[in-house]
There are 2 protein chains.
Amino acid sequence: MNFDISERARRLTSSAIREILKVTEDPSVISFAGGIPAPQTFPVALMQQASARILADAPHAALQYAPTEGYRPLREWIAERHGVHQDRILITTGSQQALDLLAKVLIDPGKRVLVENPTYLGALQAFSLFEPTLTPIECDALGIVTGSLTRDIVAGARFLYTMPNFQNPTGRRMSEARRRELMKVMTEENVLVVEDDPYGELSYDGKVLPSLLSIAPDHVVHLGSFSKIISPGLRVGYAIAPQSLIKKLVQAKQASDLHTSSFTQRIIHEVLQTGFLAAHVERIRALYLAQRNVILESLERHCTSSLSWNVPDGGMFFWARTQSEVDTAALLKATLAPATGARVAFVPGAPFFAGQPDASALRLSFVTVPPPRIEEGVAQLARALHNFDNFDSFA
Amino acid sequence: MNFDISERARRLTSSAIREILKVTEDPSVISFAGGIPAPQTFPVALMQQASARILADAPHAALQYAPTEGYRPLREWIAERHGVHQDRILITTGSQQALDLLAKVLIDPGKRVLVENPTYLGALQAFSLFEPTLTPIECDALGIVTGSLTRDIVAGARFLYTMPNFQNPTGRRMSEARRRELMKVMTEENVLVVEDDPYGELSYDGKVLPSLLSIAPDHVVHLGSFSKIISPGLRVGYAIAPQSLIKKLVQAKQASDLHTSSFTQRIIHEVLQTGFLAAHVERIRALYLAQRNVILESLERHCTSSLSWNVPDGGMFFWARTQSEVDTAALLKATLAPATGARVAFVPGAPFFAGQPDASALRLSFVTVPPPRIEEGVAQLARALHNFDNFDSFA
């Protein structure tokens with residue numbers, strides 16, 4: 001049959017990342033494309049113990065319907081960690097769901113939403129369904145250029161969305177001065193800030209900058225996740241928001257999926273109770289720093305004449321630009337079908353831009369590739385860039 | 001701070017059911033209000049084995065990010081059970097999420113959506129966020145009065161939403177003749193039908209009527225759930241839809257929560273592989289039939305002069321009307337604060353209506369109350385009704 005779909009659904013397109021991930025299921029591809037954590041960091045033994053204990057001690061509660069707000073002891077743990085009241089916390093089905101709920105509750109068609117440029121693709125997808133006017137904000141190596149936030153741009157926006165720590169895709173961390181300047185402007189203009197913080201724990205040197213939430217607790221929705229420090233497959237994240245907004249988010253969540261799995265929420269809480277997290281996060285940081293150093297050395301060995309890049313101090317991503325301004329979507333076709341050598345995948349940069357895209361950018365995720373393969377993949381990427389520069393695009 | 005919320009969020013209100021469920025957390029209340037399955041039906045031992053086996057055999061896959069469409073072996077199991085291709089199946093975070101995704105993909109503001117009258121409250125909540133014009137359809141004891149589906153009402157609607165088996169709230173099952181008539185009209189008018197079927201397995205006599213999906217496979221989105229036959233706390237449901245629509249639903253789901261928990265999907269699949277389901281569903285049916293018979297006898301003993309009701313042939317709900325047309329929202333206040341006797345909860349009928357509400361209706365869920373408490377609760381409800389009729393409302 002034919003059926004009419006909504007205006008918003010017409011705008012939905014399958015993401016570039018999504019299509020690429022399908023290719024990278026082939027294990028012969030060296031993939032820097034994924035945005036996924038290293039699976040050897042999942043605390044499997046603790047999960048086994050937690051699952052068994054929960055199903056032995058409280059099976060009926062863990063398998064039954066549960067309150068929309070989330071499992072109270074888990075909310076209390078989060079509240080204590082962030083120094084806020086637990087009534088400000090909503091457990092979400094991954095922090096992606098928080099983006100959907102915020103869009104539902106805050107965006108009317110045509111209203112302005114401010115985003116970093118570039119920004120997290122999944123946020124652009126979640127927001128776009130609700131038809132805002134997305135306004136890209138100028139950014140540099142220190143994060144949002146707060147001097148560019150004039151009243152014309154800021155006033156009347158529904159919110160500003162930012163990932164201050166080791167941003168996806170740039171790997172960049174916003175400086176403390178910029179954080180304070182940002183919250184000063186946003187507080188003066190009375191515009192809400194959504195602080196998305198999935199990578200905050202993954203600072204290689206353990207140094208933590210003040211969260212936007214801590215700077216201006218009443219003007220920030222802080223999104224957290226257990227995906228990068230425990231496991232993404234359990235789909236447990238959270239939002240911390242002013243209480244009047246939490247009420248609306250809870251109502252929107254009730255209509256969206258009733259509640260997040262009571263079983264997976266309890267597993268997260270149970271493993272947190274063991275007190276393993278601090279040491280566990282240290283191990284993840286050490287692993288990711290070692291991986292970063294391998295890709296950095298490989299890039300320095302093979303790509304200094306063809307790429308420029310940021311060196312991240314945490315998280316999972318390198319963000320690079322081709323010096324000859326090659327279109328990286330075309331480059332990807334070449335690296336996935338090379339004349340010789342291994343196939344290599346990365347994510348082209350253009351989809352991360354709400355404004356004019358920088359088509360010469362690319363994102364390299366380095367935490368899941370074994371070090372010898374990192375070296376091989378970067379060398380192959382350099383060969384493809386060299387051929388591209390000499391023969392132009394053969395797309 | 002003050003912030004602007006969306007027009008759709010302004011319409012969100014906390015549901016009556018939700019507020020009532022808070023009261024019923026007090027174990028001294030005899031609650032017929034819940035819409036939850038009996039927890040003694042959860043296959044705990046199988047879950048324990050499944051969880052342990054998954055975390056031993058495939059921990060990294062079960063705890064990692066996973067495809068939006070869902071876990072392939074689970075999709076294959078569902079495809080085989082329904083006789084459709086697996087590409088038509090999307091796993092959702094409970095079937096509530098399917099309602100949200102359908103609304104996102106199919107509803108534009110002001111466009112018509114046809115709903116049974118009364119209908120599932122969670123569907124009204126999910127749809128309303130996307131601002132359709134909800135058109136209530138005439139129903140009787142056999143389901144939708146298909147003769148009322150004139151071209152004026154049907155043509156141009158985005159979809160018709162129905163729960164043909166043991167509907168929430170009425171407990172009613174649509175007759176086979178009505179099903180065929182309904183699909184004839186809807187096919188002729190080229191309007192999609194959303195068949196929500198959480199209770200289809202819970203037919204007390206095991207008799208199964210043809211699904212709307214089987215009658216007109218290309219015109220139906222069929223929603224299924226493991227919540228009532230395995231466990232709601234795992235939050236695993238599914239949608240079967242025409243392939244062009246599945247693509248849009250997958251894109252919308254990606255923006256909503258990336259994917260449903262890979263761990264809980266695998267648990268469902270693992271317990272299904274044991275082949276326990278047929279015998280398990282038989283035990284649930286026998287339990288729920290016994291519970292239904294207890295409440296039916298209690299109603300016949302205490303309430304024949306004050307209530308009329310449907311006798312359900314499956315599922316979890318009695319739907320009743322007060323013969324003196326008492327407002328059941330006011331009645332609830334009386335049953336929750338009785339002068340003597342136990343406190344009793346039920347769900348007032350009005351919120352289930354998209355059109356003119358029948359405020360004298362109420363929903364009684366009987367599957368989680370122990371039989372002696374059912375008798376006590378119904379007797380108390382009868383006393384409250386008697387007092388109400390004699391003294392009018394004291395609200």
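Two residues are taken to be in contact if their C-beta atoms, placed from the backbone, lie within 7 Å. On this criterion, in the predicted model described here, 100% of the interface residues of chain B are also interface residues in chain A, so the copies meet through the same surface. The two chains are related by a rotation of 180° with 0.0 Å of shift along its axis, which superposes chain B on chain A with an RMSD of 0.0 Å. That is the relation of a two-fold axis.

The interface brings 65 residues of chain B into contact with 66 residues of chain A. On the side of chain B that touches chain A, two or more residues are given by each of helix H1 (7-11), helix H3 (44-57), helix H4 (59-63), helix H6 (94-106), helix H7 (121-128), helix H11 (243-257) and helix H12 (262-273) of chain B. The largest share of this side, eight residues, is supplied by H11(B). In terms of residue class, the side of chain B that touches chain A comprises 31 nonpolar, 22 polar and 12 charged residues.

Within the individual subunit, chain A contains 15 helices and 15 strands. Its radius of gyration is 21 Å, close to the 21 Å that the globule rule gives for 395 residues, so chain A is as compact as a globular protein of that length. Taken along the principal axes, the box filled by the C-alpha atoms of chain A is roughly 60 × 55 × 55 Å. Of the 395 residues of chain A, 55% count as buried, and among the contacts in this chain with a separation of 6 or more, 75% are accounted for by residues 24 or more positions apart.

The largest nonpolar core has 163 residues, and those with the most contacts inside it are A:Phe159, A:Val221, B:Phe159 and B:Val221. When residues up to four places away in sequence are not counted, A:Val221 touches A:Leu102, A:Leu192, A:Val194, A:Glu195, A:Ala239, A:Ile240, A:Ala241 and A:Leu245.

Because 13 of the 13 residues of H6(B) are buried, the helix is largely enclosed by the rest of the structure.

B:Thr92 is placed in strand E2 (residues 89-92) of chain B and counts as buried, with 29 C-beta neighbours inside 10 Å, the cut-off for burial being 20 or more. Leaving aside neighbours within four places in sequence, B:Thr92 is in contact with B:Gln97, B:Ala98, B:Leu101, B:Gly237, B:Tyr238, B:Ala239 and B:Thr260. The C-alpha atoms of B:Thr92 and B:Asp196, which are 104 residues apart along the chain, are separated by 13 Å.

In chain A, A:Leu362 lies in strand E15 (residues 361-365) and is likewise buried, with 28 other C-beta atoms within 10 Å. The contacts of A:Leu362, not counting residues up to four places away in sequence, are with A:Ala320, A:Thr328, A:Phe346, A:Val347, A:Pro348 and A:Gly349.

Technical notes: Residues numbered from 1 in each chain as written. Chains lettered and ligands numbered in written order. Predicted model: local features only at pLDDT ≥ 70, side-chain atom pairs only at ≥ 80, totals over all residues. Helix = DSSP H or I, 4+ residues; strand = E, 2+ residues; numbered from the N terminus. Rg over C-alpha atoms; globule rule 2.2 N^0.38 Å. Buried ≥ 20, exposed ≤ 12 C-beta atoms within 10 Å, placed from the backbone. Core = buried A, V, L, I, M, F, W, Y, C linked by C-beta atoms within 7 Å. Nonpolar A, V, L, I, M, F, W, Y, C, P; charged D, E, K, R; others polar. Least-squares fit on C-alpha atoms with pLDDT ≥ 70 in both.
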